[in-house]
Amino acid sequence: MDVRDAVATRYSCRAFLPTPVPQTIVRDILECAARAPSGGNLQPWLVHVVAGERLEALKAILRPRFAAELPRGEGAEYDVYPPDLKEPYYSRRARVGNQLYASIGIPREDRPGRYRQFSRNYLFYDAPVGIFVFMDRSMGPPQWSDVGGFIQNIMLLARAHGLHTCPQEAWTNWHKTLTPFLKLSPEHILFCGIALGFADEDAPINRWRSEREGVEAFARFEGFAAPEPRS
Ligand SMILES: Cc1cc2nc3c(=O)[nH]c(=O)nc-3n(C[C@H](O)[C@H](O)[C@H](O)COP(=O)(O)O)c2cc1C
């Protein structure tokens, strides 16, 4: 698969098959993903991968809690979005949310239904592998951006193995439970989880695609020769 196909076929997969993913493949993905550039070559990413019994143990801790006690978890450790999301960002976020819930027949006003679906984040959408990505707390916006490039590499490399992913900031809502469970150092901050596995291609939640603005909406070009007229 070439890079263009990997980019074009990646999407946030929210229903996975139980088919296991061997550790060798996950290692290979991480080894190659770490070729991501980072300012000063700090390589600020840290990763914790869980599968099998460990993943089931984590889900067993969380399942009763998000079902009854804390549908939104224990509280985020960082602002996932700016507090007053302005336009056009607010509308883009609302649009993708509406598309997602419409794909599985959950109406806008069905808040419990939306919560139930959102809570599936904490089962890694049934993926057989969960990757937690964190970094040293002393890191600033440039290093968070470096980690973004690293996670994008993971998601694209997964495609080369026929795998799909979902990046998940939702996991910040369980950082208090995850820190002791994963034995994370208090010096480290969890950025996100990444669900990894084989997509359930038939699941309705995987059968739609998010939209993008055209290049004109976000880019300007200066100084180029005029494009050749198309024949
Ligand atoms: C850093 C990051 C965190 C995200 N967190 C979540 C999440 O917690 N749960 C989820 O279902 N999707 C999450 N997403 C997926 C976005 O909603 C998705 O990327 C966006 O709507 C575009 O859709 P696409 O990935 O299918 O192209 C996250 C994406 C990124 C890049």
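Biologist: In which helix is tyrosine 115 found?

Modeller: Tyrosine 115 is found in helix α5, residues 111–119; helices here are DSSP runs of H or I with at least four residues, strands are runs of E with at least two, and both are numbered from the N terminus. The model is a predicted one, in which local features need pLDDT of at least 70 and side-chain atom pairs count only at pLDDT 80 or more, while totals for chains, interfaces and linings use all residues. Residues are numbered from 1 along each chain as its sequence is written.

Biologist: Why is tyrosine 115 called partly exposed?

Modeller: Tyrosine 115 has 14 other C-beta atoms within 10 Å. A residue is buried if 20 or more other C-beta atoms, placed from the backbone, lie within 10 Å of its own, exposed if 12 or fewer, and partly exposed in between. The count of 14 falls in between, so tyrosine 115 is partly exposed.

Biologist: What makes strand β2 largely enclosed by the rest of the structure?

Modeller: Seven of the eight residues of β2 (residues 129–136) are buried, so the strand is largely enclosed. Strand β4 (residues 188–197) is mostly covered as well, with seven of its 10 residues buried.

Biologist: How do you know that β2 pairs with β1 and with β4?

Modeller: Two strands pair if DSSP finds at least two bridges between them. There are six bridges between β2 and β1 (residues 46–51) and eight between β2 and β4, so both cases meet the cut-off of at least two. Both pairings are antiparallel. Valine 133 of β2 is the bridge partner of valine 47 and also stands opposite cysteine 192 in β4, while aspartate 136 stands opposite histidine 188 in β4.

Biologist: Why are β1 and β3 said to stand at the edges of the sheet?

Modeller: The open sheet has four strands in the order β1-β2-β4-β3, with antiparallel pairing. Both β1 and β3 have a single partner strand, so one side of each is left without a neighbour in the sheet. For β3 (residues 164–168), that partner is β4, joined over five bridges; histidine 164 is paired with glycine 197 and glutamine 168 with glycine 193.

Biologist: Which residues touch the most other members of the largest nonpolar core?

Modeller: They are Val133, Ile154, Ile194, Ala195 and Leu196, in a core of 42 residues. A nonpolar core is a set of buried Ala, Val, Leu, Ile, Met, Phe, Trp, Tyr and Cys residues joined through C-beta atoms within 7 Å. The largest share of this core, eight residues, comes from α6.

Biologist: Which residues of α2 and α6 meet?

Modeller: Ile29, Cys32 and Ala33 in α2 meet Phe150, Asn153, Ile154, Leu157 and Ala158 in α6, where contact requires C-beta atoms, placed from the backbone, to lie within 7 Å.

Notes. Contact = placed C-beta atoms within 7 Å.
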